[in-house]
Amino acid sequence: MAELTYRDAVARAITQEMERDPKVVFLGEDVGGAGGVFKATVGLLERFGPERVRDTPISEQAILGAAMGAAMTGLRPIAEIMFADFFAVCWDLVANQIAKSSYMTAGQVSFPLVIRSGNGGGLRFGAQHSQSVENWAMAIPGLKVVAPSNPADVIGLFAAAVRDPDPVMFFEHKGLYSTKGEVPDGEIVDTLGSAKVLRSGADATIVALAAMVPRAVAAAEALAQRGIEAGVIDVRSLVPLDTQTILREVAATGRLFTVEENPRLCGWGAEIVSIVAEECFNYLDGPPLRITTPHIPLPSADALEDMAIPSTERIVTVIERAMKS
Amino acid sequence: MTSTTDGTAATAGPPGIDPGTLHHPEGSVEVPTQLALYRQMVRMRKFETRAYDLFMENLVKGTSHLSLGQEAIAAAFGEAMEQQDYTFATYRGHAHTLARGTSMTGVMGELLGRTCGVLSGKGGSMHLTDVSHGVMGSYAIVGAHLTIALGAAWSAQYLGERRVAVAFFGDGTTNIGAFHEALNLAAVWKLPVVFVCENNMYMEYTPIRAVTAVANPAADRAAAYGLASILVDGNDADAMYLTARECLDRARDGGGPSLIEARTYRSSGHSRADPGKYRPDAEVAAWKGYDPIVIYRARLMGRGVGEADLDAIEETADGDVETATVSAKASPAPGADDLMRDVWSDGGWSWRN
C-alpha cells in the first residue's frame with residue numbers, strides 16, 4: 001500500500017497495461033517528451049520508447065482516427081485528448097465512426113481502445129477548458145464511459161478499460177490530479193459497470209461522479225453532524241451503469257440526490273432519476289433532487305466558478321432543506 | 001482516334017487536361033492483367049447499372065452513390081493490391097468493395113436491406129465492409145476515413161506486417177481538415193498508406209474548381225506534406241494500375257505514403273436524387289467519349305484480344321449481376337434479433353445491469 005496522487009496513478013495505470021501487453025500503444029499531444037501537460041504521463045516515453053509512446057501534432061481527428069484504425073487491425077491503443085473540450089473538434093471520430101462501426105458492420109470489426117481525457121472544471125480555465133462532457137459520450141450508443149474519483153480507481157478502472165474489447169471514454173478529472181489516495185501494491189484490475197457504495201446512511205442516498213465524489217462524502221459527514229445519515233455512491237462508470245446498486249440503496253433510504261458537475265440539461269443524473277422513478281417509485285419518500293452546475297458555460301473567475309459548480313456547502317444545504325421540509 | 005460503341009469520337013486523353021501534366025508510370029501491363037482489369041470494370045459497370053434500376057423500382061431505399069464512369073480506379077487498385085492490404089472506401093464504395101472480391105450477392109443484398117447483405121442490412125449502401133476481403137469499411141462522413149486508414153497503416157508498421165492501407169476519396173475531401181491532418185501525420189510517421197483522390201470534378205453538386213484555391217485539389221497540395229505530386233489519368237486502367245503498383249510497392253518497402261489524384265468523371269449524378277443537370281452538356285459529352293471501359297475495350301482489341309473473349313466477360317458479368325439480384329430479392333429481411341445485435345463486440349447491446 002502506498003499513497004499516490006491521481007496524476008501519478010494515471011502513469012502507473014498506463015505502465016501496468018503497457019508492460020503486460022506489447023499491443024498496447026499510446027499517442028497524443030505532448031504525451032511523450034513533455035510527459036503530458038498535466039504531467040500525468042511522465043516517464044512513459046523513456047520506459048517504452050517512441051514506437052509505443054507517440055507524440056502527435058495538434059490533430060485530434062488524426063489522433064482518434066489513428067487509434068480507431070489501429071484498434072480494428074490488432075492493436076490496443078490508448079489515445080489522449082488533452083482537454084475534454086477538444087472532443088468538439090474530433091467528435092466525428094467518436095460519435096460517428098468509433099461508436100457505430102461495430103453495429104453497422106454487423107460485428108465485423110471491434111475497437112479495443114481507450115480515449116483518455118482531462119475533464120471537468122475548478123481550475124479557472126474558463127468555458128473552453130473546463131467542461132464536464134461525459135454526458136456527450138453517454139448519449140451515444142456504442143461507447144463505454146468511465147470517470148474515476150480516486151487514484152486506486154484510476155488504475156483499476158483504466159486497466160479494465162484497456163482490457164475491454166470495446167471503446168472506452170476514460171474521463172480523468174483535472175481538478176483531482178493533485179489529490180492523493182491509498183493504492184494497493186501490485187497489479188490492480190477493477191470492473192467496468194460497478195458503482196461503489198462509499199458510505200452507508202439510512203436517511204438519504206447521494207449519487208456522485210468524479211470530482212463531485214469527495215464533495216459528496218464531505219457533505220455526508222457534515223449532514224451526519226446535523227442528524228441526517230446520508231449514504232454516498234460513486235457511480236464510477238456511466239456506461240455500463242450499475243443501476244442495481246443505486247436502486248438497492250435508494251430503495252433502502254427512500255431519498256435520492258444526484259451531484260453532477262455538468263450543466264443541468266440532460267445530465268447523467270437525469271437518467272438515474274428517471275430509472276429510479278420508473279423502477280422504485282413506491283420506495284421514495286420524497287422527490288429525487290438533482291444538484292448540478294446551472295445551465296451556463298463555466299466562467300473563469302474563481303469567485304464565479306465556485307458559485308457554479310456544486311460545492312460541499314451547496315450539497316449540504318440542498319439536502320438538509322429537502323430532508324426537513 | 002478510336003470509336004465508341006455509340007459512334008461518338010473518342011478523345012486521346014482526359015478532356016480538358018493537359019497531357020503533359022499527367023503522371024506516366026513506367027512499365028507495361030500484360031494481357032492477362034488487362035483482361036482482369038476489363039473484367040473488374042465490366043462487373044462494376046453492370047452492377048451499378050442494375051443498382052440504379054433497382055432504385056427506380058424502389059427496391060433500394062435511402063440513397064446510393066454510383067461509380068459509373070469511375071471504374072478504372074477501383075479496378076486498378078483491386079488488381080494491384082495484395083490480399084492482406086486494407087481498403088478504406090467512401091459512401092461511393094460499391095465498386096471498391098467488389099474490386100476486392102466481395103460477393104456481388106453480399107453487396108446487392110446490403111443495398112436491398114436483406115439478411116444476405118454483407119452487413120445483414122445494418123449498414124446499407126454507404127457503409128459496405130467485408131473484413132474477410134480486406135474491405136475495412138466505407139465511410140460516409142467526408143474525411144474521417146483518411147485518418148482511420150493511417151491508423152491501420154500504423155498498426156501494420158508497428159506489427160512489422162507488409163500490408164498497405166489504401167484510402168479512396170473524392171475531390172471534395174481535399175478541403176476538409178481531416179484530409180490535411182491525415183496527410184501530415186502519415187508523412188511524419190512514414191506510414192504505408194496510399195491516399196487516392198478520385199477527382200470527378202464535382203464536390204456533390206458544386207464544381208470543385210469553384211471552391212478550391214488550386215487547380216488540382218490533391219496533387220497541388222502534395223508538396224505541403226513533402227510528397228510527390230501525382231496527377232494521373234483515372235480513366236486509363238493501365239496508367240492507374242501501374243501508378244497503383246508504384247505507390248503500393250513504395251509503401252510496402254518502407255517508403256512512406258503517397259497521394260494520387262486520379263482525374264475522372266462520374267457519368268451519373270452525385271446520388272440517387274441528383275440528375276446532374278448542373279453540368280455543361282459539352283463537358284458530359286466529352287467525357288462520354290472518354291469512357292474507361294470503351295477505351296479499354298478498344299485497346300485490348302488493338303492488342304489482339306478477340307471480341308468473343310471480351311463479349312464472354314460481359315456475358316459472365318451479366319449472369320453474375322442477375323444471380324446476385326435474384327438471390328438478394330429472395331433473401332429475407334433482417335429481424336428483431338439483428339436490430340439489437342453487435343452494439344458491443346460480444347454481440348450484445350446492454351448498457352445497464
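## A helix of chain B and its packing

In chain B, the buried residues of α10(B) pack against α1 (31–56) and α4 (104–112); a residue is buried if 20 or more other C-beta atoms lie within 10 Å of its own, with C-beta atoms placed from the backbone. The model is predicted: local features need pLDDT of at least 70, side-chain atom pairs count only at pLDDT 80 or more, and totals for chains, interfaces and linings use all residues. Residues are numbered from 1 along each chain as its sequence is written, while chains are lettered from A and ligands numbered from 1 in the order in which they are written.

The buried residues are B:Ile313, B:Ala317, B:Val321, B:Ala324, B:Thr325 and B:Ala328. An α-helix has 3.6 residues a turn, so residues three or four places apart point the same way. Helix α10 of chain B (residues 307–330) has 24 residues and reaches 35 Å from first to last C-alpha, close to the 34 Å expected at 1.5 Å a residue.

## The interface between chains A and B

In total, 42 residues of chain A are in contact with 38 residues of chain B, contact being C-beta atoms within 7 Å. The largest share of the chain A side, 8 residues, comes from α3(A). By class, this side has 19 nonpolar, 19 polar and 4 charged residues.

## The sheet of chain A

Chain A holds an open sheet of 7 strands with mixed pairing, in the order β3-β2-β4-β5-β7-β6-β12; strands pair if DSSP finds at least two bridges between them. Its edge strands are β3 (53–55) and β12 (237–239).

Strand β6 (residues 144–146) of chain A pairs with β12(A) in the antiparallel sense over 2 bridges. A:Val145 stands opposite A:Val239 in β12(A).

Key: Helices (H or I, at least four residues) and strands (E, at least two) are DSSP runs, numbered from the N terminus. The expected span of a helix is 1.5 Å times one less than its number of residues. A residue is buried if 20 or more other C-beta atoms lie within 10 Å of its own, exposed if 12 or fewer, and partly exposed in between; C-beta atoms are placed from the backbone. Two residues are in contact if their C-beta atoms, placed from the backbone, lie within 7 Å. Ala, Val, Leu, Ile, Met, Phe, Trp, Tyr, Cys and Pro count as nonpolar, Asp, Glu, Lys and Arg as charged, and the others, Gly among them, as polar.
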